[in-house]
Amino acid sequence: MPIKISQAFDSGAIEVVRADGPKAIDLNLRADSHADIHQWFHFRLQGARGQACAIRFLNAGQATYPKGFEDYQVAASYDTENWFRVPTSFDGQVMTINHTPELDSIYYAYFEPYTWERHLRLLGEVAENPLARVHDIGTTIDGRDMNLVVIGNPQADKKIWVIARQHPGETMAEWFVEGMMDALLDNANPVSRKLLQRAVFYIVPNMNPDGSVRGNLRTNAAGANLNREWMTPSPERSPEVLCVKNKIHETGVDMFFDIHGDEALPYNFVAGSEMLADFTPERLATQNAFIERYMAASPDFQNVHGYAASKYNEELLTLASKYIGHTFKCLSLTLEMPFKDNANLPDPHSGWNGARSAALGAAILQPILQTLALDQR
């Protein structure tokens, strides 16, 4: 069987320069549709069973986030269900996978994908639970559905909003939400049962369906970075943000979490709202207490490594968590997970992956509950 590289499937993205043999596979990172962003890749290799392959990404040094490839290992799978990491090197210009596939077909990806099919299946499973409803709130540029999951009683005292995958290639974000919703709908989970006595959850598992299917890292079908659209979203450029923003203003919000992934930092952390001009000492205390509770709930979470408070000052209120924090004066956080591994608790086989993201999602319920309990005093 000759060597073949393909990418014509959900979230597939790569450019083939040549595939002359197992040691002569040269590729380029493909740009996001309608945007000059090069980072995400997902492709299938056939015909290399039992052969030592050298797969080179020739333009890795010109990627949007080249530091994302330092100390990074590519994710691989034979069945698209079970993913593992393979030996990867990066010399600052070219990134190389050195791997011997055991089967005729293997998939390689920047991170464990979360498919549109799985997204739809998740929505179907959630809708079967009497505690949940799945609402259609809009349509993307490519015509896909924007769905909102509501878990709990909409008349509840507190409104918790969670959105994920504004940047579609940050698939760990939807894994996170899946784990959080599984825990929230588990009738044997005392934390979730107690939470739903007082709060309703509004959850958007995928803010960027078009970018997800197209194989984009950061943008939608119009080339918009949705996490820079929150001040003035439009039907033409960012209908995804527009419909969610309108719904948030309709329901109100007491806590807001925007779930993401970071290319370079091998840690789990949050970026807060302390740089807002109207941020009070009381809100800072609430934010810091939440972070401490999250660290107690999950050893995978930490507060030593993260973003400087000044990172987004120039475009502050165009970002979801900053816009919400400013507008509603509530706890509003951006949560980041690694594409690499958690350096504090490394796993050489899988790195950071979908299952670990889901576990971190389940763990967030405890600090949410503790924060609500404190507010009730």
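Which residues does Phe 201 touch, not counting residues up to four places away in sequence? They are Val 149, Val 150, Ile 151, Ile 160, Leu 184, Leu 195, Leu 196, Leu 365 and Ile 368, where touching means heavy atoms within 4.5 Å.

Some ground rules: this is a predicted model, with local features needing pLDDT of at least 70 and side-chain atom pairs 80 or more, while totals for chains, interfaces and linings use all residues. Residues are numbered from 1 along each chain as its sequence is written, and side-chain values use heavy atoms, leaving out hydrogens and water.

Back to Phe 201: along with Phe 41, Phe 57 and Phe 257, it touches the most other members of the largest nonpolar core, which has 79 residues. A core here is a set of buried Ala, Val, Leu, Ile, Met, Phe, Trp, Tyr and Cys residues joined through side-chain atoms within 4.5 Å, with buried meaning under 20% relative accessible area (1.4 Å probe, protein chains only). Helix H2 gives the most to this core, 9 residues; helices are DSSP runs of H or I, at least four residues, numbered from the N terminus.

Now follow H2 (residues 172-184) to H8 (residues 354-363): their axes, lines fitted to C-alpha atoms over the stretch in contact, are 6 Å apart and the angle is about 50°. On the H2 side, the contact includes Trp 175 and Gly 179, and on the H8 side, Ser 357 and Leu 360.

Note on methods
Buried < 20%, exposed > 50% of the residue type's maximum accessible area, 1.4 Å probe, protein only. Helix = DSSP H or I, 4+ residues; strand = E, 2+ residues; numbered from the N terminus. Axes fitted to C-alpha atoms, helices over the stretch in contact; angles between N-to-C directions.
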